[in-house]
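The sequence and the model are shown first, and the description follows.

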Amino acid sequence: MYKNCSRREWLLRTAAAVPGAWLATSPLGRAAAAPALPVAVAKCKTYDPGELVPTLSKMFDQLGGLGRLVNGKTVGIKINLTGEMTYRLGYARQGDTHFTNPQVIAATVHLLGRAGARRIRLLESPWATADPVEEVVLRANWEPREILGAAQNVEFENTNYLGSAKKYSRLMVPTGGYIYPGFDLNHSYEDCDVFVSLAKMKEHATAGVTLSMKNCFGLTPATIYGSGAGVDEPSELPTGGREMVHSGYRQPSKSAPPEKDAKSPRAGGYRVPRTVVDLVSARPIHLAIVEAVRTQAGGEGPWVWGSTPVSPGVIVAGLNCVNTDAVCMGVMGFDPMAD
């Protein structure tokens, strides 16, 4: 990850990362429906707002500006708070390794508010809890008021359970899906006009990489897709990881759409990438932002043996999540065309 390469090699990799040729030859046969869109790549060495805000602002301008995307609209932002709040990689802070950094979240919220967003919801399904996200991030020694005060009408929403809604929102996969034909999700994923995936650039022990699309794995509420989910109805007390998606050892709660083929491979390496595609199809991403000012190499969290903190000093953003993640892979030194 992040191996040294010449400027020429980097440009060639990045150019190859835009998946137009792959889409044209893919057996999916949907190239015409998935045109390549611009991707912005920028250096950013620190999380200092004096560097971070201008960098992100310029990147969004390169994508055509935030105003036309969010002005007067409700924006949902899926952040990444994977794992327990107490997990650390050595002495590094979580936002420097496996969480979306709070300064990046605040800067993005600020710029969305400045672009006219009417309401901004920060969404996450923290591991095995229904606690308010504000309390969760406090346990990571963040100050939630710094994020909530970055613009007007900003709120956190724990999407790990039903929350304040009367029922889950059913979002179906337009193409029918690989693993699941649809999902029952927290209402916030349906209520937003614009959906943003604000991810950390990392490798992943199961999926290879975790970028803007894999970040959406956390859309699934543990009350339905967790190891402690109810058999017939959601448990409403989230417990355990999302084992229905990882290993498929059992079906989600019967109130939600079951997987298409209970005899399909159970290995996570087969299930996780395909479920991610299903989720992103059911809840499309309008803006993908992947930050790696500081992150970790070797895995998605401190629990992956051999992981180390790294400081790539880069941010990638785009309007098409496939294009964006492919460019991210090129930036990381990987071949996005590899099996």
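## A parallel pair of strands

Strand E2 (residues 74-78) and strand E3 (residues 119-124) run parallel and are joined by five bridges. Within this pairing, Val75 has Ile120 of E3 as its bridge partner. Two strands are taken to pair if DSSP finds at least two bridges between them. Helices (H or I, at least four residues) and strands (E, at least two) are DSSP runs, numbered from the N terminus.

The model is predicted: local features need pLDDT of at least 70 and side-chain atom pairs count only at pLDDT 80 or more, while totals for chains, interfaces and linings use all residues. Residues are numbered from 1 along each chain as its sequence is written, and side-chain values use heavy atoms, with hydrogens and water left out.

## The chain as a whole

The chain has twelve helices and 13 strands. Of its 339 residues, 54% are buried; buried means under 20% relative accessible area, exposed over 50%, and partly exposed in between (1.4 Å probe, protein chains only). Among the contacts in the chain with a separation of 6 or more, 71% join residues 24 or more positions apart. A contact here means heavy atoms within 4.5 Å.

## The seven-stranded sheet

E2 and E3 belong to an open sheet of seven strands, in the order E1-E13-E10-E7-E2-E3-E4, with mixed pairing. Strand E1 (39-43) and strand E4 (154-158) are at the edges with a single partner strand each, so one side of each has no neighbour in the sheet. On average, neighbouring strands of this sheet are turned by 20° against each other, direction ignored.

Ile120 has Val154 of E4 as its bridge partner. Although E4 is an edge strand, four of its five residues are buried, and E4 is mostly covered.

Helix H5 (residues 102-114) lies across E2, E3, E4, strand E7 (194-200) and strand E10 (287-292), and runs at about 155° to E3. Such angles run from 0 to 180 degrees between N-to-C directions, with axes as lines fitted to C-alpha atoms, for helices over the stretch in contact. Thr108 is placed in H5 and counts as buried because its relative accessibility is 0%. Leaving aside neighbours within four places in sequence, Thr108 is in contact with Leu56, Leu198 and Ile289.

The largest nonpolar core has 48 residues, and those with the most contacts inside it are Leu56, Val70, Ile77, Val109, Leu122 and Ile289. H5 gives the most to this core, with seven residues. Apart from it lies another core of 29 residues, among them Val173, Tyr225, Val245 and Val272. A nonpolar core is a set of buried Ala, Val, Leu, Ile, Met, Phe, Trp, Tyr and Cys residues joined through side-chain atoms within 4.5 Å.

## Leu122 in the sheet

Leu122 lies in strand E3 and is buried, with a relative accessible area of 0%. Leu122 and Val109 are 13 residues apart in sequence, and their C-alpha atoms are 9.0 Å apart in space.

Helix H11 (residues 268-282) has 15 residues and reaches 20 Å from its first C-alpha to its last, close to the 21 Å expected at 1.5 Å a residue. The expected span is 1.5 Å times one less than the number of residues. The buried residues of H11, including Arg271, Val272 and Asp278, pack against strand E5 (169-172), strand E6 (182-185), helix H10 (243-246) and helix H12 (321-332).

H12 is mostly covered, with eleven of its twelve residues buried. Its end C-alpha atoms are 16 Å apart, which agrees with the 16 Å that twelve residues should span at 1.5 Å a residue.

## Cysteines

The structure holds zero disulfides, a disulfide being a pair of cysteine sulfur atoms within 2.5 Å. Cys321 is in no disulfide, and the nearest cysteine sulfur, that of Cys216, is 7.4 Å away. Cys321 counts as buried at 8% relative accessibility, and Cys328 counts as buried at 0%.
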